[in-house]
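Colleague: I would like to go through the labels on this model one by one. Please give me the value and the cut-off each time.

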Amino acid sequence: MSTPLALPAVGPGFLNPEWLISTFGLIGILAIVFAESGLLIGLFLPGDSLLFTAGLLVADGRYLHQPLWLVCLLAGVAAIAGDQVGYLFGKRIGPSLFRRPNSRLFKQENVQRANDFFARYGARSVVLARFVPIVRTFTPVIAGVSRMRYRTFLIYNVLGGALWGIGVTVLGYFLGQIAVVKSNIEFILLGIVLVSVVPIGIQLLRSRRKTARTPGPTPVAAEAVGARRTAAPNRADEGWTG
């Protein structure tokens, strides 16, 4: 029988991956993955560390007793479904998202960050954003606002959802069976958190420096609405409509 893992409390107690999994099980994992992938309320949910921890616990036999293939399959489906909802939400609400005032949970700088990411990488951002917290929540919404062709979005969404939902879980599963990893699991999870946060910090610093050098900042709404006009002509193969 495997030795139980002693997982650390990374972050607030109610966001600790082990507590979430032990309390809500597989259903909780799927709900959080879905919410973080496409619902604005999922901004600060621990998607990466949750999937990694799920893989660890499947390998260890704690809390999750479903086979690895089922956990991976359902995690991928939840991630894909979340992005689908985000895309349809962005397509329906249009630029109104960019006029929404800041609140405790909603920050325009997060929208700007995702918009810059989307403008830089185009359709590929649907895949790449999967591995960047906060950005992955807004990117499908930005894709909808920018009227990316649905078929193109669907292809990239399925690819990104599979790579993230299945890949991170499988990584946790196999690393969880390595003795040196099990004995240093606290550092592994903290490393995941840092890897997730560092790109956000770098992008935030770049945005602030850019804003400081710009005498008159362009409104976010105008930039988002104009993304299709400025980026699409150079990315005709990436599938913008219109």
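Colleague: Which residues in α1 meet which residues in α3?

Modeller: First, the ground rules. This is a predicted model, with local features needing pLDDT of at least 70, side-chain atom pairs counting only at pLDDT 80 or more, and totals for chains, interfaces and linings using all residues. Residues are numbered from 1 along each chain as its sequence is written, and side-chain values use heavy atoms, with hydrogens and water left out. Now the contact. From α1 come Leu-26, Leu-30, Val-33, Phe-34, Ser-37 and Gly-38. They meet Val-71, Leu-74, Ala-75, Ala-78, Ala-79, Ala-81, Gly-82, Asp-83, Val-85 and Gly-86 in α3. Contact means heavy atoms within 4.5 Å. These residues divide into eleven nonpolar, four polar and one charged. Ala, Val, Leu, Ile, Met, Phe, Trp, Tyr, Cys and Pro count as nonpolar, Asp, Glu, Lys and Arg as charged, and the others, Gly among them, as polar.

Colleague: Why is α1 called roughly parallel to α3?

Modeller: The two axes cross at roughly 30° and come within 7 Å. Axes are lines fitted to C-alpha atoms, for helices over the stretch in contact, and angles run from 0 to 180 degrees between N-to-C directions. Angles under 35 degrees count as roughly parallel, over 145 as roughly antiparallel, 65 to 115 as roughly perpendicular and the rest as oblique. So α1 is roughly parallel to α3. The crossing is right-handed, the label used if the near helix is turned clockwise from the far one by less than a right angle, with anticlockwise being left-handed.

Colleague: What makes α1 oblique to α6?

Modeller: Here the axes cross at roughly 55° and come within 5 Å. That angle therefore makes α1 oblique to α6. Glu-36, Ser-37 and Gly-38 in α1 meet Arg-136, Thr-137, Pro-140 and Val-141 in α6.

Colleague: Why does Gly-165 count as buried?

Modeller: Gly-165 counts as buried because its relative accessibility is 0%. Gly-165 lies in helix α7 and touches Leu-51, Ala-75 and Gly-76, not counting residues up to four places away in sequence. The C-alpha atoms of Gly-165 and Asp-48 are separated by 8.7 Å, at 117 residues apart along the chain. Across the chain, 49% of the 242 residues count as buried.

Colleague: What makes Tyr-63 partly exposed?

Modeller: Tyr-63 has a relative accessible area of 36%, so it is partly exposed. Tyr-63 is in the loop between α2 (47–60) and α3 (68–93). Its phi is positive, near 70°. Most residues other than glycine have a negative phi.

Colleague: Is Arg-147 buried, exposed or partly exposed?

Modeller: Partly exposed, because the relative accessible area of Arg-147 is 32%. Arg-147 lies in the loop between α6 (135–145) and α7 (150–175). Phi of Arg-147 is positive too, near 60°.

Terms used:
Helices (H or I, at least four residues) and strands (E, at least two) are DSSP runs, numbered from the N terminus. Buried means under 20% relative accessible area, exposed over 50%, partly exposed in between (1.4 Å probe, protein chains only).
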